[in-house]
Amino acid sequence: MYDNNPVNAMEHPPCRVACPILTDVREYVQLIAERTFKEAYASIRKLNPLPRVCGRICTHPCETACKRGQVDEPIAIAALKRFASDGPWKGRYEADVPDKSTGHKVAVVGSGPAGLAAAHDLAILGHRITIFEALPVLGGMLRMGVPAYRLPKDVVDEEIQAILDLGVEVKTGVRIGEEINFTDLSEQGYKAVFVAIGAHKDQKLGIAGENEFEGVVSAVSFLRAVNQGQNPKTGKKVAVIGGGNTAVDSARCLLRMGAETVHIVYRRSGDEMPAAKEEIEEAVHEGVQIAYLTSPLEILGQNGKVSALKLMKNELGEPDASGRRSPKPVPGSEFTLDVDMVIAAIGQAPDSSFVADKLELTERKKRIIVKGPYTLVTTQPGVFAGGDAVTGPATVVEAISAGKRAAISIDLYLRGEPLPTIEPAEEVKREKLSPALVEKTRNFARCGKISLPAEDRLKGFDEVDAVLSEDLATKEALRCLHCFLGARIDKEKCISCLTCVRVCPLGIPTTNKMGEITIDPFACQACGMCVLECPVWAIDISLNFRSKIALEIEQVISRSQQAEPMIVGFFDLHGNFRSTDVKSLRQDYPNILPVMVFGLRRIDTCDILKAFESGADGVVLAGCPPDTDPFPETADRVKRRIAHARTLLDALGIDGARLEVCDMPEKGIVDKELIDGLIQRIKEPVQASSE
Amino acid sequence: MITLEQKNFEEIEKMTKGYNRLLVLGCETCAAMSFAGGQRQVAELASAIRVARKTSGEQGEVLEEAIARQCEPEFVDLIKDDVAGCDAVLSLACGAGVQLLAERFPDKVILPGCNTLFLGVTEELGVWSERCAGCGNCILDKTAGLCPIARCAKQLLNGPCGGSMNGKCEISKDVDCVWQLIIDRLDRLNRLEMLEEIFPVKDWSPAGHGGPRKMIREDLKL
Ligand SMILES: Cc1cc2nc3c(=O)[nH]c(=O)nc-3n(C[C@H](O)[C@H](O)[C@H](O)COP(=O)(O)OP(=O)(O)OC[C@H]3O[C@@H](n4cnc5c(N)ncnc54)[C@H](O)[C@@H]3O)c2cc1C
Ligand code: SF4
Ligand code: SF4
Ligand code: SF4
Ligand code: SF4
């Protein structure tokens, strides 16, 4: 089951540590690199009930943390999530829902990502869930906030449907506090309640003219109308006040709905702007103008309608409590902007009045106070709360994380077990990679995005970004540096021969005076050179570890249909081939038994001999084209090792020509001619000239 | 360290022929560091023998084992059961190891899988060179730290000989004349006057010329 304990940053890759739901990013990225997309999807889906949503709009703290980011650019983790989750292989999601229900009824108030995630996990635990949703449709801000050009509604609907299919009951159009009283829930038999009502109340600007003129609109209601297809009236010249995602999305919607000029008015500078950097860039690309360091003073009107906005410039002062530098007005900098519509997007607070007498709320923004950030217990037994309603406007993945934590707590609560006390993980300051290591690491360009041209975007609400193609996705996944999947030394076996120190292309292993070897598990990139050369097999890596390769050789041979001649093929995953290339290779050459590896570096003479020992008639090793090899400096060693294997084969009475080694073609997995040649040689060996 | 290399496969195949159950035994010190007898080389060689036997139709099982050092009786004794269960042991240690095995297992066929080469240093990965001949009476203090016994083809003590040409030994253009190196180094150290001291005739008995050597430390002996 999902375990919510913070993970140790000294043992887990930074991408995982940074993810609020501890997604095993490295695992699914690796599965994509291995062209096993279905497995990649399963890896994501087992933790995340909304992978297609997250693949599109997650703020991806994992990417900010990714080690590759220190070398060139981080892995496009979110785009890869979308690739794995959008593809046809995902199929219908089947979860293991227990046949027998526990009989406990749980009410989830609010159907945003927090509520959905809790409902999902609780259903899988066998509880009976009802979601109460005030609005006529499910999804919270996913449906009513985020516009379709970033998150198409059918995607949201499909993911929600899969959750409902677990047997979750829904009551839409039921606002707790109005249609049903909060206290009535327990009378109706709900043993526990999860309050995930989000933050939907726009804060007032608090300036003159705000309540006087037609054309002053709150961002939440504007976006809600847009998302419900109500085509709300828009102005021609609009100012959006605020700096969060709500402001940026309002501005981008306005452009799509016929506004001619849209200004975002933000009181601090771009560095402090809370909206995702990518979104800000997209908005500017589409034509949104941003007035930084500017505050509104007054809304002016004519004939009852908005006509202009009076503004003032700011400069940045000292950092405030949130760490952001607070704006200070510049005297005499007032100016006006002609506008006919003003959208207020300066932050939202939860509409929590209906629980005000039961739960503790924060003073100013009326957020629900929870007693433990992990358990999400409130001041009322059996009532748990999470998501934006607790944190204020945050992110989808934080809301999902809250839902998952709530599910754990509620489950324990229903079973009468004590809730764990979880300490937040100690913040680990990981050392930066050394400049020498950064220098030695080969750069590969990030391929994270395929977007509609700006002029096509504004025609409607079509999704702006396309899913990555298989080619791009595998290429991107292959950029992963495999943090913490690398070399581990068995100190009992090590004889301090120093081979690893000498052979590592990145200079990772070091020795002390007594020959004790240290390998930094974060810095190591799991190339496998040391594993192979260590004369006493004191090192292994977790990525394609040695015994796994040996086992795979055995397995492919034992599973083979005895097609003649039997050839074991080692294929480098770094090549430019697709899953279909592997499939057609299997079809065209049923006698070739593929073993996929991250680099031919991983194949030892022992493995080649092992193949022959187990009955192979030939072995082919296909390495990636040089331009895709992350460790091209090792290619020569690999060639020499294979030459050694050939000599050995000759000596022991097997024609060395039965061992073929080649680079893969520019595209595809292997040249047919080469394979045909090898088959030919095996079938009709050139006889030594007769005596 | 002692450097050694695996014998070529044909020779190994010939000497192991007919021993049905063959134990390939590695030595995980010098032999491993020479890439001749560590676990990985044991596995490679054992696998090669199996493939060769399969190809030639010869029967039998090839087993793999390795110990820390074959020159220590305690380590050797740890594998006595494995040895008992086989027809012959192919040792991937130096000659010392092979002989200790033969001594500890008097009734077993013990075969050398390696050629023992020299006492030397690692120049870089995959390159070793001889430095010491184990002469039993070190003179490096007088020769600027370079050994003419191990590194001069004629073992001259008052060299160089007339065959020294452009810093190279007359036996091969690839071999440095160690006496040239000695002179260069003494020059660098400003000790050229040391060359005026003439070495007396060397006593070769500590070098083994007085018969097989043995060392006994009374203070340590049990
Ligand atoms: C325009 C916009 C863009 C955003 N962009 C991103 C982004 O790109 N990436 C990202 O990670 N996050 C983004 N966010 C934030 C993200 O959408 C929210 O953090 C997330 O949806 C919060 O989830 P939640 O479940 O806590 O609340 P919500 O999603 O707000 O859901 C709460 C639900 O509870 C219902 N509800 C409220 N009161 C009651 C009641 N009394 N009874 C019954 N139901 C009730 C509401 O109708 C709503 O459906 C964006 C938000 C907005 C508004
Ligand atoms: S390089 Fe790979 S494992 Fe490391 S942080 Fe990035 S995605 Fe995660
Ligand atoms: S190569 Fe193996 S035996 Fe040698 S120092 Fe490294 S870990 Fe130890
Ligand atoms: S796996 Fe590769 S990168 Fe890691 S220590 Fe070994 S040789 Fe170096
Ligand atoms: S038996 Fe020979 S090779 Fe093995 S440790 Fe002893 S001296 Fe070294």
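A salt bridge (a side-chain nitrogen of Lys or Arg within 4 Å of a carboxyl oxygen of Asp or Glu) links the side chains of A:Asp604 and B:Arg40, at 3.0 Å from N to O. In total, three salt bridges are counted between chain B and chain A. This is a predicted model, in which local features need pLDDT of at least 70 and side-chain atom pairs count only at pLDDT 80 or more, while totals for chains, interfaces and linings use all residues. Residues are numbered from 1 along each chain as its sequence is written, chains are lettered from A and ligands numbered from 1 in the order in which they are written, and side-chain values use heavy atoms, with hydrogens and water left out.

As for the rest of the interface, the contact (heavy atoms within 4.5 Å) draws 23 residues from chain B and 29 residues from chain A. The two chains bury about 2,100 Å² between them, with carbon and sulfur atoms giving 61%; buried area here is the accessible area (1.4 Å probe) that two parts lose on being put together, summed over both. On the chain B side, B:Arg40 turns up again: B:Arg40, B:Glu44 and B:Leu125 lose the most area to chain A, together 32% of what that side buries.

Helices (H or I, at least four residues) and strands (E, at least two) are DSSP runs, numbered from the N terminus. The elements of chain B that give two or more residues to the side touching chain A are α1 (9–16), α2 (30–33) and α3 (39–56). Of these, α3(B) gives the most, with 12 residues.

Over in chain A, strands β10 (residues 294–302) and β11 (residues 305–319) pair (at least two DSSP bridges between them) in the antiparallel sense, over eight bridges. A:Leu300 sits opposite A:Ala308 in β11(A). The two strands make a hairpin with two residues between them, and A:Asn303 in the turn has a positive phi of about 50 degrees, although A:Asn303 is not a glycine.

A:Ala526 is another non-glycine with a positive phi, of about 60 degrees, and is found in the loop between β21 (517–518) and α20 (529–533) of chain A. A:Ala526 has 4% relative accessibility, so it counts as buried.

Back in chain B, the peptide bond from B:Gly159 to B:Pro160 is cis, with omega near 0 degrees. B:Pro160 belongs to the loop between α7 (148–151) and β8 (168–169) of chain B.

Key. Buried < 20%, exposed > 50% of the residue type's maximum accessible area, 1.4 Å probe, protein only.
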